[in-house]
Amino acid sequence: MRSPRPDDETTRLATLREYYILDTAPEPAYDELARLAMLVGATPIAVVTLVDYDRQWFKARINVDPIETPRDVSFCAYAILSSEVFIVNDATKDARFATSPLVTGPTGIQFYAGAPLVMWNGQRIGTVAVMDTRPRRLAPNQVDGLRALAHQVVAQLELRRLVEEEKRMQRQGTERFQLLARATNDAVWDWDLMTNEIWWSEGLRTLFGLPPDAVPTLDTWAARIHAEDLPRVERSLFGAVQSGKHFWSDEYRFLCHDRRYADILDRGYVIHDRGRPVRMVGAMLDITERRRLEDQLRQAQKMEALGQLSGGIAHDFNNLLTVIQVNAALISRGAPEGEIKEHASDIAHASDRAAALTRQLLTVSRKQVMQQHVVDVNEVVQNMTRMLQRALGEDVALVEHLSTNLPPVKADVGMLEQVLLNLAVNARDAMRAGGQLTIATGEKLIAEPRSGSLPAQHVFVSVSDTGTGIAVDQLPHIFEPFFTTKDVGKGSGLGLATVYGIVRQHQGWIDVASEPEHGTTFCFFLPATRPSHVEHDTKPSVDPELPRGTETLLVVEDEDALRQLVVNVLEACGYTVFAASSGVQAIELWPVLRDQVQLLLTDLVMPGGVTGRELAERLRKDLPALRVVYTSGYAAAQAGTGEPLVEGQNFLAKPYQPELLARIVRGVLDA
């Protein structure tokens, strides 16, 4: 592979040599910029590269061994031809690089992104680049960050050149420095340590809205540094000057013209004359956006970890709920009308409510889709009254003001119950000495609703308490994840974030009004739907007869108690049932069972490395006529690719009743 060369190669090389940087020792400023590039790109490799006539030389390198490589095999030789960030997502599929030793050799580079270093005269002398040993892509904000870092390297190169010029020609060097500083967007400064005078570039106005003459002295600059940061910054700055160091760097908060604080990365070089510090030049970089992106990344990682944890808990809990529900149903079926049957019914009802809560955990983990039905909001509130009163305790009175003839809404009942419970628990914590919680419902025609919905009739639910209220400065943040007004250790900061998310999922919105020591009212609005679609509970008053059969079934379930219970129910229906605790065990048993089994009932998520889908595919290759019923504590919509799963047909969602189990098994066998 032979790399291209720009037409004005002579001019470019002349520009490169003006900076007197080739083959110089490593410098902290460039090493830091390379580390920042690695952070922005989230890649394992980063370099600051300069392209000479026949080589690319690394001024800074992270996780790269050689100090230079031949130009003819480099990515950088192409990057300097581009005015934008040059990106190769997969070098193995790019004819320009597929045979390069950097790709095929030990380094194994497959991804490259390089932002050209465009100098004051338009010449491109090198790049800031990130690399990876696997194909990948950069997000737009990462591309912008790489481009910004290239500007910082250019600024550092310009500063370095000016320092060298200063040694040879003080006056001419100062003029060039100020000219180049005005060409950048950074707030470049020049501090005369002998007179204590400071010169600022126009970047001070661009970044922070301040004219250069607004910060004429060291004292006025220090006055704009946040009071918590100032002592540390002054110690590090004067310490660097007095200790004979050549480089200084620190981060702090700086007050802008609009009274906001910007996060600043400030760096400077100390110039010495016969061992004595006489001048310091540097630049202030606004890193507020970078900090925000880092915070967003950390927040996303927290939410991802929370989702994984909640999904696993909900899946395991659904197994236990299935055992509870099936046993309660069997007790109710075998008991005569009376107290025992009522107790069994209470157990089944409580497990239904618990199942609704697990759906919320699965929603947090993105493993459960909403199960929306047309419902009566008043009925949801009334069904929650008993649970809410227990959650509130004896010191809090629960009062309901429910509007009559409310139109229904389309919603997930479990999610609405979660909203009411979270709001009630928050209200209880705000009424430490007791008080009153009032839940009211009503309807309202909203001419300009939020969330992008059309003007329409809306149903609202308000939850009001007589507690301590919320401070005015905290109100804008109460729906943010992990923000809490409670004492340390007494709140996760997820309750109101969950409420907000659920309401928005239902195309609604939520308002809050509060006054310290006078209580708080949360009111959420949901679009109304047509009354003719209200769904009612149609459970039969008499236990139906379970469908029966004489076929042979194979049940694969890793939860021991649930597996045995399912076997017992199906055997009671007349089937011959074999059982396995995992997909691996089922495969081991299959040669013996192959000529006997007509239907496989398998959990989707199991330990041992063989999922329910994989098990069914392997057994069906050997026995195409095998019928399959899948079951899981996750929703069918989250089961991945493969055979379509339809709840109530070939998919059994946990928890379930024995009637549904027997009916689906019989239906699949008869299909």
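Which residues in H15 meet Pro658, Leu661 and Val665 in H18? In this predicted model, local features need pLDDT of at least 70 and side-chain atom pairs count only at pLDDT 80 or more, while totals for chains, interfaces and linings use all residues. Residues are numbered from 1 along each chain as its sequence is written, and side-chain values use heavy atoms, with hydrogens and water left out.

The residues on the H15 side are Val566, Val569 and Leu570, where contact means heavy atoms within 4.5 Å. By class, this contact of H15 with H18 has six nonpolar, no polar and no charged residues. For such counts, Ala, Val, Leu, Ile, Met, Phe, Trp, Tyr, Cys and Pro are nonpolar, Asp, Glu, Lys and Arg are charged, and the others, Gly among them, are polar. Two packed helices are described by the angle between their axes and the distance between the axes. Helix H15 spans residues 560-572 and helix H18 residues 658-670; they pack at an angle of about 65 degrees, with their axes 11 Å apart. Here axes are lines fitted to C-alpha atoms, for helices over the stretch in contact, and angles run from 0 to 180 degrees between N-to-C directions. H15 passes H18 in a right-handed crossing (right-handed if the near helix is turned clockwise from the far one by less than a right angle, left-handed if anticlockwise).

On the H13 side the contact is made by Met415, Gln418, Val419, Asn422, Leu423 and Asn426, and on the H14 side by Gly495, Leu496, Thr498, Val499, Ile502 and Gln505. By class, the contact of H13 with H14 has six nonpolar, six polar and no charged residues.

Also found in helix H14 is Val503, which counts as buried at 2% relative accessibility. Buried means under 20% relative accessible area, exposed over 50%, and partly exposed in between (1.4 Å probe, protein chains only). Leaving aside neighbours within four places in sequence, Val503 is in contact with Gly508, Trp509, Ile510, Phe524 and Phe525. The C-alpha atoms of Val503 and Ala411 are separated by 9.6 Å, although these residues are 92 apart along the chain.

Turning to the protein as a whole, there are 18 helices and 23 strands; helices (H or I, at least four residues) and strands (E, at least two) are DSSP runs, numbered from the N terminus. Of the 671 residues, 49% count as buried. Among contacts with a separation of 6 or more, residues 24 or more positions apart account for 64%.

The largest nonpolar core has 45 residues, of which Leu117, Leu146 and Leu157 touch the most other members. A nonpolar core is a set of buried Ala, Val, Leu, Ile, Met, Phe, Trp, Tyr and Cys residues joined through side-chain atoms within 4.5 Å. Elements that each supply at least two residues of this core include helix H2 (28-41), strand E5 (111-118), helix H5 (140-168) and strand E10 (261-273). The largest share, nine residues, comes from H5. Apart from neighbours within four places in sequence, Leu157 is in contact with Tyr19, Ile21, Tyr30, Leu117, Met119 and Ile125. A second, separate core of 38 residues includes Val396, Leu423, Val503 and Leu526.

Helix H16 (residues 583-593) has Gly583, Ala586, Trp590 and Leu593 buried. Seen down the axis of H16, its buried residues fall within an arc of 80 degrees, so they line one face of the helix; the arc is that of the directions from the helix axis to the C-beta atoms. Their cover includes strand E19 (552-556), strand E20 (576-580) and helix H17 (612-622). Glu588, Pro591 and Val592, on the other side of H16, are exposed.

Finally, some loop residues deserve a mention. Tyr20, in the loop between helix H1 (9-17) and H2, has a positive phi of about 50 degrees although it is not a glycine. Tyr20 is partly exposed, with a relative accessible area of 46%. Glu517, likewise not a glycine, has a positive phi of about 70 degrees and lies in the loop between strand E17 (509-514) and strand E18 (520-527). At 60% relative accessibility, Glu517 counts as exposed.
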